[in-house]
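Trainee: I have a new model open and would like to go through it with you. Could we begin with the terms we need and then look at the fold?

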Amino acid sequence: MPKEDNIEADGVVVECLRNATFKVKLANGFIVTCTISGKIRMHYIKILVGDTVKIEMSPYDISKGRIIYRNKN
């Protein structure tokens, strides 16, 4: 699937789950289960509850996503 078909959104991490999985709450109140991308994993960027992140979702399944950026607070 081409990269430009993905949906990008901003959200806040509300829960940390195991295996680098997080629950992210979007601005519209929808909660998405997200994993972290390879670059974030490679550079050991820590993500905690309350962090603002940018995620991308597939248009086919918007209940799952991937964290691609952690905003600096």
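Mentor: Let us settle one term before anything else: a residue counts as buried under 20% relative accessible area, as exposed over 50%, and as partly exposed in between. Please also keep in mind that this is a predicted model.

Trainee: Which strand is Arg66 in?

Mentor: Arg66 belongs to strand β5, which covers residues 61–70.

Trainee: And what does Arg66 touch, if we skip its sequence neighbours?

Mentor: Leaving aside the neighbours within four places in sequence, Arg66 is in contact with Asn6, with Cys34, Thr35, Ile36 and Ser37, and with Lys54, Ile55 and Glu56. With Glu56 there is a polar contact between the two side chains, at 2.3 Å.

Trainee: How far is the C-alpha atom of Arg66 from that of Glu8?

Mentor: Those two C-alpha atoms are separated by 9.6 Å, although Arg66 and Glu8 are 58 residues apart along the chain.

Trainee: Switching to the fold, what are the elements, and how do they run from the N terminus?

Mentor: The protein has 1 helix and 5 strands, and from the N terminus on the order is β-β-β-α-β-β.

Trainee: In what order do the strands close into a barrel?

Mentor: The 5 strands close in the order β1-β2-β3-β5-β4, with mixed pairing, and from one strand to the next the twist averages 50°.

Trainee: How many bridges join β1 to β4?

Mentor: There are 6 bridges between strand β1, residues 7–17, and strand β4, residues 52–58, and these two strands run antiparallel. In this pairing Ile7 stands opposite Met57 of β4.

Trainee: What about the whole protein, what is its radius of gyration?

Mentor: The radius of gyration is 11 Å, which agrees with the value near 11 Å that a compact globule of 73 residues would have. Along the principal axes, the C-alpha atoms fill a box of roughly 30 × 30 × 25 Å.

Trainee: And what share of the residues counts as buried?

Mentor: Of the 73 residues, 27% count as buried, while the accessible surface comes to about 5100 Å², with 54% of it belonging to carbon and sulfur atoms.

Trainee: Last one: what part of the contacts with a separation of 6 or more comes from residues 24 or more positions apart?

Mentor: Such residues account for 52% of those contacts.

Key
Residues are numbered from 1 along each chain as its sequence is written. This is a predicted model: local features need pLDDT of at least 70, side-chain atom pairs count only at pLDDT 80 or more; totals for chains, interfaces and linings use all residues. Side-chain values use heavy atoms; hydrogens and water are left out. Two strands pair if DSSP finds at least two bridges between them. Helices (H or I, at least four residues) and strands (E, at least two) are DSSP runs, numbered from the N terminus. Axes are lines fitted to C-alpha atoms, for helices over the stretch in contact, and angles run from 0 to 180 degrees between N-to-C directions. Contact means heavy atoms within 4.5 Å. A polar contact is a pair of N or O atoms within 3.5 Å; within protein, one must be able to donate a hydrogen and the other to accept it, and residues adjacent in sequence count only if both atoms are side-chain atoms. The radius of gyration is taken over C-alpha atoms; the globule rule is 2.2 Å times the number of residues to the power 0.38. Buried means under 20% relative accessible area, exposed over 50%, partly exposed in between (1.4 Å probe, protein chains only). Accessible areas come from the Shrake-Rupley method with a 1.4 Å probe; for residues, only the protein chains shown count as cover.
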